[in-house]
Structure formats: structure tokens, C-alpha cells
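Please examine the fold shown below, and follow how its parts are arranged and packed.

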Amino acid sequence: MASLGISLHYNAGEATGTDPIPLVASFAARLGLLSQILIISWEHLSARKSFGVKTTRHQLVKADFADLSNQTELLLIQWQRRVAAQDFAGAQADHWQITVLTNRAEKLMGGHGYLSGSTHSFSYLSVMIYSLYGKTASGAVTLLPDYQEHAI
């Protein structure tokens, strides 16, 4: 994590199964990593040109950045309200949404994000945080949106 410019601080308190703090912290961390991926991608694509025009000036690239930024902001507002109301019923669906948005944001860099160890590393860290701290006991048996098991 130090190579990504991130430091880890350990709180010695013990979390209980009903304690929402690890869930909220994992969501905040993943949302921050998603925002960082968007920043890195914007900086990378701002320096590049395709067809003689800055890549960030292309309509589809701008639209993708705008959509990802808006959905990230919407999730932030939604979680501010969840924390205020202490209602974490849809946490699994929100984590799934962050995963989808992170995958889309990572694709903005293409193979460069993997080769440079930047956005790919943030995406990997995001999934690790979810795996360790983002799952809730009640949501563990719930199927994620857009996922159905088919028997053959």
C-alpha cells in the first residue's frame, strides 16, 4: 500500500458482528479508491492525443467520466444518509455497484493501468477490502444484482 501512497492505521478496538463501523469504513475506502482511479485516469488521458485531439475531449470519454463521477457522488450521498439513519440494509448492492463502477473506471486506462501498476492496484485493493471487511452477515446469502445461477 505504501507504493500507492496509502497508509494503514489500525484501531485496537474489537468489532462485533452488529458493529456497522467496518462496513462503513470499507465502503468509504472503496469509494475513495474509485475516486483515485478516476483522477489517475483523467491525468493519464489528459496527456494523450487520439486523432489529433486530446483524448479527454472525445465525447464518449467525457460521457464516461461524467457518468462515473455522477454515480460515485450519488453513492456518497446515499451513504451519508444511510449512516445518519443507521440503515445498512442495502449495503451488499451498494458494494456491488462500487465494483461495477471500479471496473468501468479501470477500463479507461486500458492496459496502461495494469502495466503501470496504478489503477489495477487500486482496483485489486478495493476488492480485497470488500472481501475482508465489506460483507455483512445478512447479505452473505443474498444474490448480487444481475447474477443468477442457472442449472444445466
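In this predicted model, helix H1 (residues 21–46) and helix H5 (residues 119–134) have axes that come within 9 Å and cross at roughly 170°. Because angles over 145 degrees count as roughly antiparallel, H1 is roughly antiparallel to H5. On the H1 side, the residues making the contact include Pro22, Leu23, Ala29, Arg30, Leu33, Ile37 and Ile40. On the H5 side, Phe122, Leu125, Ile129, Tyr130 and Tyr133 are among them.

Helix H2 (residues 59–85) may be considered next. Which residues of H2 are buried? They are Val61, Phe65, Leu68, Thr72, Leu75, Trp79 and Arg82. An α-helix has 3.6 residues a turn, so residues three or four places apart point the same way. The buried residues of H2 pack against H1 and helix H3 (91–107). Just after H2, Gln86 adopts a positive phi of about 55°.

The chain as a whole contains five helices and two strands, and from the N terminus on its elements run α-β-β-α-α-α-α. Of the 152 residues in the chain, 32% are buried. Among contacts in the chain with a separation of 6 or more, 72% are accounted for by residues 24 or more positions apart. The accessible surface of the chain comes to about 10100 Å², and carbon and sulfur atoms contribute 59% of that surface.

Terms used
Residues are numbered from 1 along each chain as its sequence is written. This is a predicted model: local features need pLDDT of at least 70, side-chain atom pairs count only at pLDDT 80 or more; totals for chains, interfaces and linings use all residues. Side-chain values use heavy atoms; hydrogens and water are left out. Axes are lines fitted to C-alpha atoms, for helices over the stretch in contact, and angles run from 0 to 180 degrees between N-to-C directions. Helices (H or I, at least four residues) and strands (E, at least two) are DSSP runs, numbered from the N terminus. Angles under 35 degrees count as roughly parallel, over 145 as roughly antiparallel, 65 to 115 as roughly perpendicular and the rest as oblique. Contact means heavy atoms within 4.5 Å. Buried means under 20% relative accessible area, exposed over 50%, partly exposed in between (1.4 Å probe, protein chains only). Accessible areas come from the Shrake-Rupley method with a 1.4 Å probe; for residues, only the protein chains shown count as cover.
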